[in-house]
Amino acid sequence: MRVLLLSDIHANLEALEACLAAAPPYGMLVNLGDIVGYGACPNEVIARVRDRESLVVRGNHDKACAGLTDLKYFNPVAALAVLWSQRALTPENLEWVRALPQGPLQLPELPGVQFAHGSPLDEDEYLILPNDAVVPLVDSSVPLVFFGHTHIQGGFCLDVADPRALRPVYRQGDRLEKHELLLQNGVRYLINPGSAGQPRDGDPRAAFAIFDSEANSVTYFRVPYDVGLAQRRIRDAGLPERLAVRLGEGR
Ligand code: ZN
């Protein structure tokens, strides 16, 4: 089965549509959390995801927008975006966000694979450096976990007791690019498809990945999208200026 992996869309409709248009055929869409928060199109993005057969893990921004988190744990810009999203979401979509399940989740068709927002051990944990990943790599109940939350495409692997970061290599143009990783038996993986709607790894292109369970491979993608339109929508919505600026920087 081929799984389209999306994470951290953050209500960025232009980025989501570019990912869906660029993705090769897939059997299932899995969303690793943070559908809403930051961007200006939460209802439109939720509609696109609800239209498709999908498995959706809740993220920390989804929890906050649903009123399940105290906003004192958010920085002021993120908290303002949460308050804006709470007002913008339709009652039906707010209910849908509130009902999203906590990760890690599993699909019956894919034993040995889990889907989480932060870490398979803690949905709110940030796995940024190889050191952060050691315990979840060792203690996770499955050898392959897909996660998001950091907005950094790549992930980690544990190979003969040596944890290391995985980072796809691109020429960093303004075109669609992809990078294939063949998964090795006996190696444990934490794989991050990157953020569709607010990349923070220095590449402003939208990020996603495809997991092919038959080929045992992950293909990372970067796709250009209309950043200017997403920025204009953020400014027109009265959301914090920083949220528009950072889309152009990919930080
Ligand atoms: Zn996020």
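## A tour of helix contacts and a zinc site

Start by selecting α2 and helix α5 (residues 91-98), which pack at an angle of about 60° with their axes 11 Å apart. The model is predicted: local features need pLDDT of at least 70 and side-chain atom pairs count only at pLDDT 80 or more, while totals for chains, interfaces and linings use all residues. Residues are numbered from 1 along each chain as its sequence is written, and side-chain values use heavy atoms, with hydrogens and water left out.

Helices (H or I, at least four residues) and strands (E, at least two) are DSSP runs numbered from the N terminus. Axes are lines fitted to C-alpha atoms, for helices over the stretch in contact, and angles run from 0 to 180 degrees between N-to-C directions.

The angle makes α2 oblique to α5 (under 35 degrees is roughly parallel, over 145 roughly antiparallel, 65 to 115 roughly perpendicular, the rest oblique). Their crossing is left-handed, that is, the near helix is turned anticlockwise from the far one by less than a right angle. Show Asn43, Ile46, Val49 and Arg50 in α2, which meet Glu92, Asn93, Trp96 and Val97 in α5; contact means heavy atoms within 4.5 Å. These residues divide into four nonpolar, two polar and two charged (Ala, Val, Leu, Ile, Met, Phe, Trp, Tyr, Cys and Pro count as nonpolar, Asp, Glu, Lys and Arg as charged, and the others, Gly among them, as polar).

Leu13, Leu16 and Glu17 in α1 meet Glu44, Val45, Arg48 and Val49 in α2. By class, the contact has four nonpolar, no polar and three charged residues.

Next, select the zinc ion. Asp8 (OD), His10 (NE2), Asp34 (OD) and His151 (NE2) coordinate the zinc ion at 2.1 to 2.3 Å; donors are N, O and S atoms within 2.8 Å of the metal (3.2 Å for Na, K and Ca), and sites may look incomplete because water is not among the atoms. Asp34 lies in the loop between β2 (28-31) and α2, and His151 in the loop between β5 (144-146) and β6 (154-159), so the pair ties together parts 117 residues apart in sequence.

Finish at helix α7 (residues 227-236) and helix α8 (residues 241-249), whose axes come within 8 Å and cross at roughly 175°. α7 and α8 are therefore roughly antiparallel to each other.
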